[in-house]
Amino acid sequence: MLVHIKTLVKNAQKGGYAIGAFNVTNLESILAVAQAAVKANSPAIIQVSEAAIKYMGLKPITHMVSTVAKNVAVDVPIALHLDHGSSFDSVFECINAGFSSVHIDASSLPLDENINLTKQVIRVAHAKHVWVQGEVGAIAGSHGDITSKLESIPLAKLEEVVKFAKETGVDTIAAAVGTAHGIHVNESIVFKLLKAIKEQVKIPFVLHGASGVDDAKIKRAIKEGVSIINIGTDLKVAFCRTLMKECLNNKKETDPRTLLKPTIGAMEKVVVAKMELFGSTGKAGIHETH
Ligand code: G3H
Ligand code: ZN
């Protein structure tokens with residue numbers, strides 16, 4: 001079923017677990033997340049980037065996610081979220097399309113400009129009961145990059161995170177705490193910073209760039225109060241590796257479905273394992289919040 005993200009997050013906060021926010025890139029990955037949610041009896045966030053919207057179109061992706069949520073994930077809750085929206089126009093379109101949550105990522109701008117743009121988004125989003133995620137201290141790396149050790153992984157400044165949360169009134173907050181987009185040997189979580197943010201900023205924290213981070217660190221981050229954990233690259237890798245293998249092993253195949261079907265199973269397996277790690281397995285029973 002398709003639900004508002006706030007229902008999932010409030011239940012997760014009460015239950016002491018985190019919700020996986022999985023980046024989808026095509027129908028196969030949408031099906032994989034929904035099937036995993038059913039198998040694990042777990043809530044899930046399906047999130048799309050602007051690149052995914054450019055690839056599939058906003059209406060097709062919105063309808064695909066909501067149809068799959070209603071017809072495949074019949075008894076488990078799924079929320080639809082925009083990941084790393086870069087402009088007012090882009091988040092505005094997703095708000096109007098029916099997303100229950102949008103991320104305005106103005107973290108590369110000076111703090112005051114980030115605050116101003118985030119506040120503008122909040123005004124229109126909240127009028128339509130849509131949640132807004134803000135970001136401070138741009139998260140390093142890039143989605144899908146598995147090739148490099150990053151030269152540096154900049155961290156957010158605690159005082160900026162506190163000021164941003166207070167002045168904007170965002171519903172959820174992301175900040176650079178040592179992880180990076182993609183899979184990199186030198187990414188980690190700076191627990192001192194995460195702990196300090198959690199002590200001073202009471203809204204739900206979103207951990208970006210979680211592919212490539214040790215399971216033990218993810219578990220500890222959930223204990224520190226992380227509510228949403230973003231996974232993108234792990235799904236891209238599972239899809240591409242499986243598809244490449246299928247193509248190499250079946251060079252004469254002419255039915256795309258024969259080659260693509262195993263990718264759904266491979267991504268589903270990754271998502272089921274993440275749900276177990278995040279503690280959301282078996283937590284599909286939702287309690288509506290208003
Ligand atoms: O916004 C998306 C996530 O932060 C994904 O990061 O590709 O390292 O899993 P990841
Ligand atoms: Zn991210």
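The structure is a predicted model, and its protein chain contains 11 helices and 10 strands. Along the principal axes, the C-alpha atoms fill a box of roughly 60 × 40 × 35 Å. Because a compact globule with 290 residues would have a radius of gyration near 19 Å, the 18 Å found for the protein chain agrees with that expectation. Among contacts between residues at least 6 apart in sequence, 75% join residues at least 24 apart. The chain carries 32 positive and 28 negative side chains, and the centres of these two sets lie 4 Å apart.

Helix α9 covers residues 215-223, and its buried residues are Ile218, Ala221 and Ile222. Seen down the axis of α9, these buried residues fall within an arc of 100°, so they line one face of the helix. On the other side of α9, Ala216 and Lys223 are exposed. The cover over the buried residues includes the elements in the following table.

| Element covering α9 | Residues |
|---|---|
| α8 | 191-200 |
| β9 | 205-207 |
| β10 | 226-231 |
| α11 | 256-278 |

After α9 comes Gly225, which has a positive phi, near 110°. Taken together, α9 has one face lined by buried residues, while Ala216 and Lys223 are exposed on its other side.

Methods: Residues are numbered from 1 along each chain as its sequence is written. Chains are lettered from A and ligands numbered from 1 in the order in which they are written. This is a predicted model: local features need pLDDT of at least 70, side-chain atom pairs count only at pLDDT 80 or more; totals for chains, interfaces and linings use all residues. Side-chain values use heavy atoms; hydrogens and water are left out. Buried means under 20% relative accessible area, exposed over 50%, partly exposed in between (1.4 Å probe, protein chains only). Helices (H or I, at least four residues) and strands (E, at least two) are DSSP runs, numbered from the N terminus. The arc is that of the directions from the helix axis to the C-beta atoms. Contact means heavy atoms within 4.5 Å. The radius of gyration is taken over C-alpha atoms; the globule rule is 2.2 Å times the number of residues to the power 0.38. Lys and Arg count as positive and Asp and Glu as negative; His and the chain ends are not counted. The place of a charge is taken as NZ of Lys, CZ of Arg, CG of Asp or CD of Glu.
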